[in-house]
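Visitor: I am new here and would like a close look at one part of this structure. Please take me through it step by step.

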Amino acid sequence: MKALLLVLCLLGVNHFASAMNHSGMIMDEKGMIMNANSDKLPNDCKKISENIDITIHAGHKHALKFNGKMFAFDNQEWDVKPCAKINITFINDDQIRHQLMIHGLPGYLYPEGMFHLELNGEGQLQASLIMPSQKKTYLVHCELPQHMEKGMKAQLKVDGGDGDLPSIPGLTAPVRADFYFVDWTQLSLSVLVFSALLGCTISFFIILNRTRIKDLFTKYLIRSTQKGG
Amino acid sequence: MTFKRTILLLIIIFTLTSFAIFIAPRMQEQAEITPPQTVYNDSKDNNNIIIPCPNEHPEWRAAQIIDDVNIDAAPSCEPDNPYDIATSVKGTNNVSMATLMQTNLAQDALTMTDDLDHDGDPDVVHIKLEVIELNGSTPDGDFLINTFDIAPGIQPGLWVYAPKSRGMALKNFNSVVANPMLRAPSPVIRVEQDDKVYITLENTHYLPHTIHLHGVDHPWLNSKGEDNDGMEEHAVFPGKSHTYEIKPRHAGTMLYHCHVQTAQHFMMGLAGMFIVEENRPNNWLQTFNIGAGQVRHPSATVKKTFSQEYDLHYQSVDKKLAKIIQDANDPRLVAEHMSRDYNMTESFENYFLLNGHSFPYTLRDAMIIASENEDIKLHIANLQRSAVAIHIHGHKATITALDGVDHPPAIQITRDVFDISPAQRIDLHLLTQNNGLNSYGPGLWMFHDHTPTGTTTDGLEPGGNMAILAYKELLDEQGMPKMHDEFFDQLFNKNYYAKNMAIWGEGEFAPLLADAGLLAPNYLQIILFGLTIGLIIGVLLLIILAYKRNQKQ
Ligand SMILES: [Cu+2]
Ligand SMILES: [Cu+2]
C-alpha cells in the first residue's frame, strides 16, 4: 500500500512537473494558458504589423483609484495596429485566483473565440496572441464571479476599435448605474428656493412690463430687418 | 355676481360633488346576479415551462470506477459528476490529468499527500476554498449573473464557499448561468480523524469573510501563531488568503461557516457541513460532496454498517437580505445596506432549501433513493435561521449521534419527527425494512420540515425543503418519480412560483376553483360620473370668470 501511495505521489509530482498540454491548454499548479498563439497569422493578415509587449497587473490594490470597485487591472485600455502581435505578461498581485480573458477573437485560431490566462495566486504568466486586421474592440476581463462586475474589466482596441464597452472603470458609464444619496445642504436648498423666487419675479416683471417689452422687441425686429435688407 | 347667485352656484357644486362621490366607479365592485367567469391558466405560455429533468448527463448515474475510485450508482435526475468525486477522493495532485480535465477544479484545489500513520491513505490534506456570489448584480444591464435557480424562476442572491475552481465560472460565454460546481449549498467537506488538514480561504469575493470550524477540534491559533478560529476581527479581505490548520481528534458531523457579520453572512449561505470520519486503514474519503446529497464514495466506517449515505443541508433565505446584492453593485453600498440598513430582527425567512434547492427542484438531486431492507446513514444539519422538525412519511428512523457525538446504543431514540435547532446536527439510521415501525413499505414518501413555513416558497405551497424518500421501483429511468406527470406540468413552471397561476387551474375542477375573472364595467355609471365631473369643472370656471369680471368693474 505504501508503495502504491508512493507511486501515486510520484505521479502527482510528475503532473506538476510536466504540465498538461491539451488542445491549446497548458495547465500546471501555477495556472493555465488557453489558446496562446505566437505564430499563426489570421487569414486577413499578410504579416505581423507590430510586436507589442504589454504587462497587465491584476489585483484589489489596482481598484483603489476607482470609487466603488474592488478588483481591477492596472490599465483599462490598449490600442494596437491591425495584425499586431501582443506579448502579454500577466501579473497577479493578489493571493487569490484571477484571469485575463479576451473574447470575440476568430474561432479558427482561438477556440470559442477566447484567449485565456489564469493565475491560481500571486505570480506571473506570459503568452502571445496575434490580432486580426478588423477594426474592433475586444472585451478583456476576469470572469470569476463578481470580478468583472466589481471592476476587472478593460478593452483592447484594434485600429482604434469599433466603439467602447460599458462599465469600464474610469472610462465608460455603466448600463445599470447605482443610486447614491445627493448631498442636500442648507446652501443647496437656499439656492433652490432663491431660484424659484427669482423665476416668479421674472414672470411678474414680464407681465407688468409686457407693453414696454413688446415695443422694444418690435423696434429691434424692424431695425434688424432694415439692416438685413 | 350677486351674493344670492354665488350661494346658488355653491349649492349646485356641493350637490354635484356628492352625487359624483356616490356614483364614482371603483376598482372593485360587487357582482349582482352573475359573478364574473372563470379564467383558466394560459396553457400556451411555453416560455415559462421547465423540463422536469434536463437529463444532461445520464452517463453519470451508473456505478463506475474512475482512476481506481469506486463510485456508487446515483439514479437521481442530476447525479454528481463522478469525475468531481474521483478527484475529491484522490486529490487534484493524484488523479490523472484526463480526470481533472472533466472537472472545474483548480489544480491546487485539493492536494493529498504523506501517509503519516502508514495505514494506506494520505494524511496531509490541503483544501482551498473560494467565496462565490450567485445571482449577483452587474453594471452591464438589468440582469443577474452567475445564476442558480433554487426553484423555477426563483433566483435569490446567495454566497457560497466553493472548492477552488478554474476556467469559466459561467456555463459558457453566452450564458449567465453559473457552472454546475458553483451552486448552493456550500460543499460538504469530509476529512479523516487525526489527519493534518490545511484549509485555505482564498477570498475571491468583494467583502471580508472567514471560516469558523464549528464543533471541529481545532487549536485557537495556527502554527504561524495566527487566528485559527475564524473570528470577525481576523477577517480575510478581498484578494487575500488565510490558512486554518486542524488535526481533529474527534470524529462526527460538524459545521464550518463565516464569522464576519455572522448573522447576515450565514444567512447568505456561507455555511456548510464539515464531517470528520473515523481513522481507518485505506480510508480514502470523498473530501468534497458538492451540492450535498448522496455520498457516492462513503468512508470505511460507514460502509461497514450502511448501504448508502446522504448529507442533508437545510438552509433558509430572507428575500430582502438576498436582494441587497442585486440592487446595488458598489461594494460600499452593499456593505452599508447589508450591515446597517437591513435589520434582521425585523425580517422573515422566505425560501427554504434542502441541499440548495426548493421543491420541485429537490426532486432532481435531493431525494433519498432506497430499496427495501437497506440501512441508510443520514447526516442532517440545520443551517437555517429557525428550528426544523424533520418528518419522513411512512418511516421512523433512529438517532445515532447528536452534534457529532455518538449516542450509546442503549439510549438511541427512534421517532418520526426530529427537532433540530439552528446549527445542530443529527445522524440518523434509516432502516427501510417493512416492519410496521421503521417502514410501512415501498412508496414515494415525502420528507420535509414540519414547521408550516418550511414547505412553502415565499409562502406558496408546495415548495420549500419538501423532498421524497423514493423506493427505486417507483422512479423512471431519469430518476424522477413516476405517475406525477400532470403535477409536474403545473409545478415545473416559472409562472406557478411567480404566483401567476391558479393552484387548481387545470383538470376537472378548474371551472370551479381556477381564478375568478374580472367584472364587466358599468358604462352607464361611468358616463354619469364623467358628466357630473365635467359639470362641476364647468360651474367652477364660470364662478372664477365671473369673479374676475366683477373685480375689473
Ligand atoms: Cu479576478
Ligand atoms: Cu462572511
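**The cysteines and their partners**

Guide: Let's begin with B:Cys258, which is buried at a relative accessible area of 0% (buried is under 20%, exposed over 50%, partly exposed in between; 1.4 Å probe, protein chains only). This is a predicted model, with local features needing pLDDT of at least 70 and side-chain atom pairs 80 or more, while totals for chains, interfaces and linings use all residues. Residues count from 1 along each chain, chains are lettered from A and ligands numbered from 1 as written, and side-chain values use heavy atoms, without hydrogens or water.

Two disulfides occur over all chains (cysteine sulfur pairs within 2.5 Å). In chain A, A:Cys45 bonds to A:Cys83 with an S to S distance of 2.0 Å. Its torsion is about -85°, so this disulfide is left-handed. A:Cys45 sits in the loop between β3 (31-34) and β4 (51-59), and A:Cys83 in the loop between β6 (77-80) and β7 (85-92), so the pair ties together parts 38 residues apart in sequence (strands are DSSP E runs of at least two residues, helices H or I runs of at least four, numbered from the N terminus). Both A:Cys45 and A:Cys83 are buried.

In chain B, the sulfur atoms of B:Cys53 and B:Cys77 are 2.2 Å apart. Here the torsion is about 100°, so the B:Cys53 and B:Cys77 disulfide is right-handed. B:Cys53 lies in the loop between β1 (38-39) and β2 (64-66), B:Cys77 in the loop between β3 (69-71) and α2 (82-90), 24 residues apart. B:Cys53 is buried at 6%, and B:Cys77 at 3%.

Through SG, A:Cys142 coordinates the copper ion (ligand 1) together with ND1 of A:His98 and ND1 of A:His147, at 2.0 to 2.2 Å (donors are N, O and S atoms within 2.8 Å of the metal, 3.2 Å for Na, K and Ca; water is not among the atoms, so sites may look incomplete). The donors are spaced H-x43-C-x4-H in sequence. A:His98 is in strand β8 (residues 98-102) and A:His147 in the loop between β11 (136-141) and β12 (153-158), so this pair ties together parts 49 residues apart in sequence. A:His98 is buried at 0%, and A:His147 is buried at 0% too.
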